[in-house]
Amino acid sequence: MPGFAPDLMQEIRSRFSHVDQCPFQGPRIFFENAGGALTLKSAVETSAKFAAIPDNQGRDNPAAHALVDIIAKSKEDMRHFFNPEGGQFFVGESGTELLFRLIRTAIMGTPEGSVIGSTVEHPASRSAASHWASMSDKKYLSVPHDDASGSVSPEAYTALMTPDVRVATILHTSPVTGIANDVASISKAIRAVAPDAFIIVDGIQHASHGHIDIASYDIDGYVISPYKVFSRHGYGVAWVADRLTELPIEQLDGGPRANWEMGTRDTGGYATFTDVVTYFDWLGTQHSNATEPRARIEAAGAAIHAHEKAMTEAMLHGTGNLPGLAELPGVTILGGDNNPEREGLVCFALDHVPAGEIVKQLNAQSIRTHIRKADHYSGNILTPLGLDAAVRVSLCHYNSLEEVAALLAAMKSIAAQD
């Protein structure tokens with residue numbers, strides 16, 4: 001089955017902390033990447049380095065000047081990674097906080113009208129949009145996603161679009177189903193009816209799976225959480241278009257007009273994102289002779305996608321003599337078992353073994369997965385399917401076919417239980 005060659009896989013895994021060992025549990029297989037990916041060893045080292053530095057940016061001393069240069073380099077690295085045209089990057093408390101802030105700015109800074117989003121979205125964007133729509137007396141338009149595919153289509157947006165839509169939100173990839181939405185096509189559908197709408201994208205789940213190309217989306221904001229793309233907790237990254245910055249934004253009186261950052265930011269956050277971009281660049285060199293950083297990052301994204309597709313195909317349809325998850329009796333695969341938009345995640349339920357029991361038994365065999373319950377995080381996906389819970393198995397490109405086989409062997413035994 002295609003995937004990374006063994007030598008390259010070993011090199012990839014060697015760059016991550018706790019790749020096969022939990023500091024609390026011991027040996028384990030990590031299939032909980034949608035909850036937070038493994039951290040690059042380089043990011044761990046960078047975090048420690050900058051945690052020890054007492055100086056702040058904006059002073060006239062060598063340390064402060066160096067910190068400013070490090071932040072500037074990180075923002076340039078972000079441009080290689082996200083590929084925007086214009087705009088600016090800044091960091092905040094978390095991806096959720098940044099989504100709330102961008103959506104609040106767009107809704108409160110525009111005239112009366114409507115706000116549109118979809119039922120497939122994570123509450124980070126959906127809650128922000130519905131809350132601030134009500135606070136501004138704007139109508140919230142809720143686009144239904146397709147339960148079978150676990151995604152939302154441009155046509156579904158078009159069906160509810162009106163010319164007075166001021167703000168639109170799009171989920172790039174679902175953290176419940178693992179299915180990606182066509183951001184560029186949805187954006188095009190929105191602008192065909194409301195060309196001046198502000199479009200904000202939640203890219204938190206998508207980021208670790210490779211390709212982000214903001215220039216091709218025609219949007220105004222894109223947000224990720226770096227702890228889900230091989231960095232660490234404690235910050236989020238946002239890109240905003242210049243036209244969003246032109247709205248009234250929250251800032252200190254008398255401060256720089258276009259400054260989105262609130263207070264002194266952690267230089268270590270920026271520096272650890274440079275570690276992420278450096279890693280993607282390195283991985284790209286293993287698959288391309290390109291000389292430009294963006295081209296190498298694109299090559300890395302393509303390689304990640306191909307490897308993860310091979311792993312999810314094995315997970316769904318089996319490897320060796322082991323049946324895949326889609327072949328187990330009484331199984332429901334969220335998003336279907338043959339969905340080309342799947343990104344490194346399989347979420348499933350068995351009709352005769354509760355999801356919580358499956359997670360517990362897998363954990364007893366040192367296989368880390370996660371239960372998704374029909375709560376405020378996942379009820380929008382699970383409840384229409386008649387499920388009160390499901391098991392999420394989420395992988396990244398450092399997961400191997402051997403790990404997938406171990407999961408399938410365990411699930412074969414669990415599924416055979418009465």
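# Salt-bridge and helix close-ups

**Arg191 counts as buried, its relative accessibility being 13%.** Buried here means under 20% relative accessible area, whereas exposed means over 50% and partly exposed lies in between, as computed with a 1.4 Å probe on protein chains only. The model is predicted, so local features need pLDDT of at least 70 and side-chain atom pairs count only at pLDDT 80 or more, while totals for chains, interfaces and linings use all residues. Residues are numbered from 1 along each chain as its sequence is written, and side-chain values use heavy atoms, with hydrogens and water left out.

**Asp220 and Arg191 meet through their side chains in a salt bridge, at 2.9 Å from N to O.** Asp220 sits in the loop between β8 (198-202) and β9 (221-224) and Arg191 in helix α7 (residues 183-193), so the pair ties together parts that are 29 residues apart in sequence. Salt bridges with shared partners join Arg191, Asp218, Asp220 and Arg243 into one network. Asp220 is likewise buried, at 2% relative accessibility. A salt bridge is taken as a side-chain nitrogen of Lys or Arg within 4 Å of a carboxyl oxygen of Asp or Glu, and the structure holds 12 salt bridges. Helices (H or I, at least four residues) and strands (E, at least two) are DSSP runs, numbered from the N terminus.

**Glu403 forms a salt bridge with Arg13, with 3.3 Å between the closest N and O atoms.** Because Glu403 belongs to helix α13 (residues 401-415) and Arg13 to helix α1 (residues 6-14), the pair ties together parts that are 390 residues apart in sequence. Glu403 is buried, with a relative accessible area of 6%, and Arg13 is buried too, with a relative accessible area of 16%.

**Glu250 and Arg104 pair through their side chains in a salt bridge, at 2.8 Å from N to O.** Glu250 lies in the loop between α8 (242-245) and α9 (267-285), whereas Arg104 lies in helix α4 (residues 95-108), so this pair ties together parts that are 146 residues apart in sequence. Glu250 is partly exposed, with a relative accessible area of 36%, while Arg104 is buried, with a relative accessible area of 18%.

**Helix α10 (residues 293-317) has end C-alpha atoms that are 36 Å apart.** The expected span of a helix is 1.5 Å times one less than its number of residues, and the 25 residues of helix α10 should therefore span 36 Å, which agrees with the distance between its ends. Just after α10, Gly318 takes a positive phi of about 100°.
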